[in-house]
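Please keep the sequence and the model at hand while reading.

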Amino acid sequence: MLLAHWKYPVSLLRHALRGTLIDFVADPSAHAQALRHVEDGLLVIEDGRVLACGEYNVLAGQWLDAATSLDDHRGALITPGFIDTHIHLPQIDVIASPARGLLDWLERHAFPAEAGYADPARCAESAAHFLDELARHGTTSACVYGTVHAQSVDALFEAALHGGWRMAAGKCLMDVNCPEALRDTAEGGVAESAALADRWHGRGRLAYAITPRFAGTSSRAQLQAAGALARARPELLVQSHVAENLTECRWIAGLFPEARSYLDVYERFGLLTPRSVYAHCIHLDAADRARMAAQGAVAAVCPTSNLFLGSGLFDFDAALAAGMGLSLATDVGGGQSFSMFSAMRSAHEIARLNGHGLSALQLWYWATRGAALALGWTRVGTLEPGAEADVIVLDPKATPLLARRTARAASIEELLFALLVLGDDRVVTQTYIAGVPAKLH
């Protein structure tokens with residue numbers, strides 16, 4: 001059975017989860033008391049939303065009755081699901097493919113795989129598998145790249161709508177410097193994007209993202225048309241890649257000699273907005289970081305992919321000092337795993353290689369509440385009453401080594417750090433999408 005097409009029994013209208021509740025009320029980089037931790041907590045869910053959240057002993061008498069089923073997860077953590085702010089649907093087929101670097105990887109692996117998405121049946125099968133993998137790894141929302149084919153986005157949105165997912169996605173715009181099979185036109189590609197937005201944006205919990213693949217694969221005319229769409233439809237997200245690889249940066253500089261920087265290319269065409277999510281952002285300078293912060297654009301940092309492809313080390317300290325909005329992402333298939341544990345772990349390692357450190361709380365925030373706010377989703381990534389009930393249950397004893405280490409954790413932050421270092425999909429006991437179990441064992 002495909003998990004993406006499995007529905008929660010409609011008779012269970014209200015249910016509650018008991019366990020250790022973990023979420024964030026603020027950004028740990030700015031607030032010492034950002035973490036909310038309830039050791040023995042109760043989370044009550046009805047009709048896809050959180051009704052109540054707090055101490056079990058306080059809430060049980062009010063909420064636990066014959067009309068409410070209880071899932072007892074004592075000994076486990078109950079936390080908002082992970083949110084992946086940059087991932088490619090079609091690249092699940094080329095994950096773990098060797099290459100000499102980013103551009104070589106695109107030419108040898110990514111582009112040939114994406115050409116197969118001209119087949120609607122391939123799109124539908126991949127979309128279902130993609131959502132299954134997200135659920136298995138505890139990811140409850142994502143900002144996704146389709147291919148240049150509109151049907152790739154249609155298939156993902158249809159599966160996501162059926163499963164109740166909060167999901168953002170967009171059709172790649174590419175009209176130059178790409179294989180013929182993946183080439184659209186300046187006006188036609190953006191017109192298809194507008195039609196997709198008309199069809200899907202705001203349906204259920206879906207959002208459309210205007211998606212120039214990157215500046216090197218869009219003509220000036222296409223970037224101009226994409227910017228015009230962003231101005232006309234400010235409710236839409238914008239997503240693209242920037243400053244991932246030094247060879248790529250030099251290539252972009254040659255293509256757009258009038259631009260001050262790679263990021264400036266996008267700003268000149270009206271694509272640097274408060275609704276913009278830019279993947280990688282490794283090779284930005286101080287002026288670029290200031291522009292990102294001033295415009296309210298967000299970096300989707302992809303540490304596993306950056307290490308795998310040898311693209312570089314993101315400077316977390318410089319980004320934080322500049323006031324940039326940050327989130328974490330897997331960048332599958334350049335990244336080697338759907339797991340946000342892997343993304344958090346690699347982010348910690350990259351910060352160490354740059355001579356700095358990141359706390360478990362900060363990393364966890366960027367993978368949950370911080371990512372939600374980066375995408376403009378205020379009712380996701382939190383356990384507050386009224387929030388959408390995208391929740392995961394994590395077992396700190398999922399493996400013998402993890403059980404041994406977490407049993408010795410002296411604080412909740414030490415426990416979270418052990419989980420992000422040693423954890424993987426085996427830790428995820430259950431994933432709830434809008435209150436509906438989505439992970440089968």
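The model is predicted: local features need pLDDT of at least 70, side-chain atom pairs count only at pLDDT 80 or more, and totals for chains, interfaces and linings use all residues. Residues are numbered from 1 along each chain as its sequence is written, and side-chain values use heavy atoms, with hydrogens and water left out.

**Nonpolar cores**

- The largest nonpolar core comprises 113 residues, and those with the most contacts inside it are Phe130, Met167, Met292, Phe316 and Trp364.
- Another core lies apart from it and has 16 residues, including Ile83, Ala207, Leu237 and Ala371.
- A nonpolar core is a set of buried Ala, Val, Leu, Ile, Met, Phe, Trp, Tyr and Cys residues joined through side-chain atoms within 4.5 Å; buried means under 20% relative accessible area, exposed over 50%, and partly exposed in between (1.4 Å probe, protein chains only).
- Beyond its neighbours within four places in sequence, Met292 is in contact (heavy atoms within 4.5 Å) with Leu263, Leu272, Tyr278, Cys281, Leu284, Ala297, Val298, Ala299 and Met324.

**Aromatic pairs**

- Rings of Phe, Tyr and Trp (its six-membered ring) pair if their centres lie within 6.5 Å; planes under 30 degrees apart count as stacked, over 60 as edge-to-face and the rest as tilted. By this rule there are eleven aromatic pairs.
- Phe24 and Tyr365 form an edge-to-face pair, because their ring centres are 5.7 Å apart and their planes stand at 80°.
- This pair links distant parts of the chain, with Phe24 in strand 1 (residues 14-24) and Tyr365 in helix 13 (residues 360-367), 341 residues apart. Helices (H or I, at least four residues) and strands (E, at least two) are DSSP runs, numbered from the N terminus.
- Phe24 is buried at a relative accessible area of 3%, and Tyr365 is buried at 8%.
- Phe82 and Phe341 are also edge-to-face, since their ring centres lie 5.3 Å apart with planes at 80°.
- Phe82 belongs to strand 5 (residues 82-88) and Phe341 to helix 12 (residues 340-353), so the pair ties together parts 259 residues apart in sequence.

**Charges over rings**

- The charged end of Arg18 sits over the ring of Tyr56, 3.4 Å from its centre. The rule requires NZ of Lys or CZ of Arg within 6 Å of the ring centre and within 35 degrees of the ring normal.
- Arg166 lies over the face of Trp377, 5.3 Å from the ring centre.

**A residue in a loop**

- Ile282 is found in the loop between strand 11 (276-280) and helix 9 (286-295), and it is buried at 6% relative accessibility.
- Leaving aside neighbours within four places in sequence, the contacts of Ile282 include Val242, Glu244, Asn306 and Phe314.

**Cavity**

- On a 1 Å grid over the protein atoms alone, a cavity is a set of points where a 1.4 Å probe fits but cannot get out, and lining residues have an atom within 4 Å of a point. Grid points are joined across faces, edges and corners, and a volume is the space filled by probe spheres set on the points.
- There is one cavity of 30 Å³ or more, and the largest cavity holds about 120 Å³ of space.
- Of the 14 residues that line the largest cavity, His88, Leu102, Leu106, His241 and Glu244 are the closest to its centre.
- Helix 2 (residues 102-115) gives the largest share of this lining, three residues.

Note on methods: On a 1 Å grid over the protein atoms alone, a cavity is a set of points where a 1.4 Å probe fits but cannot get out, and a pocket is an open set with protein on both sides within 12 Å along at least five of seven lines; lining residues have an atom within 4 Å of a point.
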